[in-house]
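Work through the exercises below with the model open. Try each task before reading its solution.

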Amino acid sequence: MIHNNLSINSVGHLTFAGYDTVELANKYGTPLYLMDEDKIRNRVRVYKQAFKDFFPEGSVPEYASKAFSCKRIYEIMAEEGINIDAVSKGEIYTAKKAGFNLANCFFHGNNKTDSDIAFAIDNGVGHFVVDCIEEIYAINKIAAEKNVVQKVFLRVSPGIDPHTHKKISTGSVESKFGIAIETGQAMDAVRLILEQKNLSLCGFHCHVGSQIFESEPFCTAAEIMLSFIKSVKEETGFLASALNLGGGFGVRYTEKDPVTDYRAKIKEVADVVNALCKNLGIPVPKILMEPGRSLVADAGITLYTVGSVKEITGYKTYVSIDGGMADNPRFALYEAEHTVINATHADKKPNLVASVAGRCCESGDLIGEKLSLYKPSRNDILAVLTTGAYNYSMASNYNRIERPCVVMVNKTKDYIAVKRETLDDLISLDE
Ligand SMILES: *Cc1c(COP(=O)(O)O)cnc(C)c1O
């Protein structure tokens, strides 16, 4: 099967990390997010070990927690000893409540409000990743009021198109993120940061995009960023001690997507970084990267109950499920692809090509189109694969639908990481 934690048991049901998915659906109800804790930990360890083996001391991966944010995931990342990225008060607060040491947190976002900045400083967030000129002044001012010197990175746009979907391409010169190197504005921003008494510049950050399978865009980014580090040294005397190359390694959504050897890809990046630094005559900076998707996406699946199979004679067929865009908006947002399996009959070959439709009042509420699966009957369980990233974290209450629960499984047990919302939760803020 597409992921190595999936299999089929003796009654023909899909198993996930050894658990019968139909039994889990009965136990917890559907829609149901399932996450494989051991798979997440193993993937984190692959990254961490590769960083240790190939990059200078102090180089650590950061988990881009927007991919999947809840207390339990921050506990896991704390136990595994890696850093995190956060982009809002909500993510910072969740991490704090999970006991995560916020000194190891990097605060991102292209528009941090004054209130966000004050909150992050008050809670001891280790690093800010500055995105614009206004933020330089605002963080400096608030840090001064609080009598702290805030460590910052500057996010620059290296001017790269990583050949991915345009909504997940973030490194081009026209991007809303960061400050462009090409226009000279990034260099001006560096000078401005260096003038601020309450900011301490650590280094630079870039993030070129998502769902990238080759090391090439990261190597190109490294080339541009290391040249920039050298120019900054020459023009201002400031030598960056750290370089963040962003997140973005891809995962398998369908059989068409390659299997990625993350360790090998990181080594390719490291080889290029080392060679470039040698050529440029600069010391190799600490390297940071921020995987989100590639730490959690393929550790997750979602289970749904089928309601109907509607054949529009001569046109197309819809399989309707008890979830959809409210718990997985990825098709609606990006036309993203997923693999689906009839988990009740996982031993049977696909004999139907259908659109899988959600239950929201939107024609665009689809999980996908032209999906091959074994024709389900009402109450069969449908599994949508590779939903560990950008599903729960993007879920909404559209149509006043309760958000599903998240169940984690590991070698010894299955347990609730996030409870299912109740109808009373839905009205809890209504006056
Ligand atoms: C979204 C994002 C990431 C994570 O991207 P993935 O594709 O999930 O690895 C990392 N860094 C920044 C700045 C991001 O915006």
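**Exercise 1.** Is asparagine 5 buried or exposed?

*Solution.* Start with the ground rules. This is a predicted model, in which local features need pLDDT of at least 70 and side-chain atom pairs count only at pLDDT 80 or more, while totals for chains, interfaces and linings use all residues. Residues are numbered from 1 along each chain as its sequence is written, and side-chain values use heavy atoms, with hydrogens and water left out.

Now take the value. Asparagine 5 has a relative accessible area of 10%. Buried means under 20%, exposed over 50%, and partly exposed in between (1.4 Å probe, protein chains only). Asparagine 5 is therefore buried.

Asparagine 5 sits in the segment before strand E1 (6–8). Strands are DSSP runs of at least two residues, numbered from the N terminus.

Last, list its partners. Contact means heavy atoms within 4.5 Å. Beyond its neighbours within four places in sequence, asparagine 5 touches Thr15, Phe16, Ala17, Gly18, Asp36, Lys39 and Asp298.

**Exercise 2.** Which strand gives the most to the lining of the second largest pocket?

*Solution.* A pocket is an open set with protein on both sides within 12 Å along at least five of seven lines. The second largest pocket has about 510 Å³ of space. Strand E16 (340–342) and strand E18 (366–373) each give two or more residues to its lining. E18 gives the most, with six residues.

**Exercise 3.** Which residues lie closest to the ligand?

*Solution.* Count those with a heavy atom within 4 Å. The ligand is surrounded by 14 residues, the closest being Lys66, Ser210, Glu290, Arg293 and Tyr390. Check one distance: a side-chain N or O atom of lysine 66 is 2.6 Å from a ligand oxygen. For the backbone, a polar atom of glycine 248 is 2.9 Å from an oxygen of the ligand.

Note on methods. Helix = DSSP H or I, 4+ residues; strand = E, 2+ residues; numbered from the N terminus. 1 Å grid on protein atoms, 1.4 Å probe; cavity = no way out; pocket = protein on both sides within 12 Å on 5 of 7 lines; lining within 4 Å. Points joined across faces, edges and corners; volume = space filled by probe spheres on them. Polar contact = N/O pair within 3.5 Å; in protein donor to acceptor, adjacent residues only side chain to side chain.
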